[in-house]
Amino acid sequence: MDWDDLRYVLAISRAGGLNGAARALDVNPSSVYRRLEALEKAMEVRLFERLRAGYRLTPSGEALAEAAEKMEREALSVENRIKGTDVRLEGHLRVSTSEAVTLHLLPRWIAEFRDTYPGLTLDITSTNQIVDLSKREADVVIRGTEHPPEHLVGRRCGRIAFAAYASKRYLDKLGRDRPLADYEWLGFEGPMLRVQQAKWLSETVPESRVRLRYDSFAPIRLAVASCLGCAALPCFACEDDPTLERLPGTLTATRFHLWVLTHPDLRKSARVRAFLQFFGTRLAALDASVMGVPAD
């Protein structure tokens, strides 16, 4: 058996079909099909049931997929340990963080970081989904959370607060110091329904006043700047924008902090240490004029 074939079994198992497996492996679906057919022929066993809804593991396939997962975990663990001993300040560093942090915090220091570490290249992924560092989906993450995963290490930075904001031009037109229900509001959809601002909005503003809903941060922030209504947004995304204004009485401090985190196997890597120290120090130094609440 070609051990590389196990990658194909695992990919089909996770994707539930050939097309998803092909995307994960960056090959053509026909290549996945041929590898599976060859493996099943060589082992003289059926690994997947071909169903209309997709591919489902047979008992034999389950045993092989389980073995493949164990091999994957061990290979990634070894890779992380080796990478963790890297003392070079050069190469790629994969960073995962939220859309809001990518747009409104990291740009303050990216140029300085590049000047300080010219040999490092940052690959930044903006997502509100939690990535798995043990599977090397990222080297470091910057996340807003109350309790970071116990298997990660890093630094706690500033506490996160949010408030309701509107464009000053919008408030010039409709008037200030009015009840919140008098304004039009921008709401949340999809994964954004999990953020604390979504709960605050549902408890504070009548649903009939929510005229637009978005499933990501960037269009909500842009809609506020475009005078389409008010929205509950992180203070660090709005406080230093002179075109926006915080609505009185809406500032809400959360139990969440920004954390800069990595996998324990990577903390000895010079690249990872440089990132943690550089951005952790600067995020922790942000004051109330940016975060909305005093540092603690």
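The largest nonpolar core of this predicted model has 61 residues. Those with the most contacts inside this core are Leu 105, Trp 185, Leu 258, Phe 275 and Leu 283. Strand β6, residues 153-167, supplies the largest share of the core, with 8 residues. A second, separate core has 20 residues. Among its members are Leu 10, Leu 18, Leu 36 and Phe 48. In soluble globular proteins, nonpolar side chains tend to be buried together.

Residues up to four places away in sequence aside, Leu 105 touches Ala 100, Phe 236, Leu 258, Leu 283, Leu 286 and Val 290.

The chain as a whole was then described. The protein chain contains 11 helices and 11 strands. Its C-alpha trace spans about 75 × 50 × 30 Å along the principal axes. Of its 296 residues, 43% count as buried. Contacts were also sorted by separation along the chain. Among those with a separation of 6 or more, 74% join residues 24 or more positions apart.

The accessible surface comes to about 15,700 Å². Carbon and sulfur atoms account for 51% of this surface. The chain carries 42 positive and 40 negative side chains. The centres of these two sets lie 1 Å apart.

Helix α1 covers residues 5-15. Its buried residues are Asp 5, Leu 6, Tyr 8, Val 9, Leu 10, Ala 11 and Ile 12. Leu 10 also belongs to the second core. Gly 16 follows α1 and has a positive phi, near 75°.

Positive phi values also occur at two aspartates. Asp 26 has a phi near 60°, a positive value in a residue other than glycine. Asp 26 sits in the loop between α2 (18-25) and α3 (29-43). Its relative accessible area is 71%, so Asp 26 is exposed. Asp 177 likewise is not a glycine, yet has a positive phi of about 60°. The loop between α7 (168-174) and β7 (185-188) holds Asp 177. Asp 177 counts as exposed because its relative accessibility is 69%, above the 50% cut-off.

The structure holds 0 disulfides. A disulfide is a covalent bond between the sulfur atoms of two cysteines. Cys 157 is in no disulfide, and the nearest cysteine sulfur, that of Cys 235, is 17 Å away. A pair would have to lie within 2.5 Å to count. With a relative accessible area of 5%, Cys 157 is buried. Cys 230 is also in no disulfide. For Cys 230 the nearest cysteine sulfur is that of Cys 227, at 10 Å. Cys 230 has 0% relative accessibility and therefore counts as buried.

The region around strand β8 was examined next. Leu 212 lies in β8, residues 210-214. Leu 212 has 33% relative accessibility, so this residue counts as partly exposed. Leaving aside neighbours within four places in sequence, Leu 212 is in contact with Trp 185, Leu 186, Gly 187 and Leu 228. Leu 212 and Arg 114 are 98 residues apart in sequence. Their C-alpha atoms are 39 Å apart in space.

Ser 208 is placed in the loop between α8 and β8. Its relative accessible area of 57% makes Ser 208 exposed. Ser 208 and Glu 184 are 24 residues apart along the chain, with their C-alpha atoms separated by 9.0 Å. Leu 193 is found in the loop between β7 and α8 (196-204). Phe 188 and Ala 198 touch Leu 193, when residues up to four places away in sequence are not counted. The C-alpha atoms of Leu 193 and Asp 215 are separated by 8.0 Å. Along the chain these two residues are 22 positions apart.

Technical notes
Residues are numbered from 1 along each chain as its sequence is written. This is a predicted model: local features need pLDDT of at least 70, side-chain atom pairs count only at pLDDT 80 or more; totals for chains, interfaces and linings use all residues. Side-chain values use heavy atoms; hydrogens and water are left out. Helices (H or I, at least four residues) and strands (E, at least two) are DSSP runs, numbered from the N terminus. Buried means under 20% relative accessible area, exposed over 50%, partly exposed in between (1.4 Å probe, protein chains only). Contact means heavy atoms within 4.5 Å. Accessible areas come from the Shrake-Rupley method with a 1.4 Å probe; for residues, only the protein chains shown count as cover. Lys and Arg count as positive and Asp and Glu as negative; His and the chain ends are not counted. The place of a charge is taken as NZ of Lys, CZ of Arg, CG of Asp or CD of Glu. A nonpolar core is a set of buried Ala, Val, Leu, Ile, Met, Phe, Trp, Tyr and Cys residues joined through side-chain atoms within 4.5 Å.
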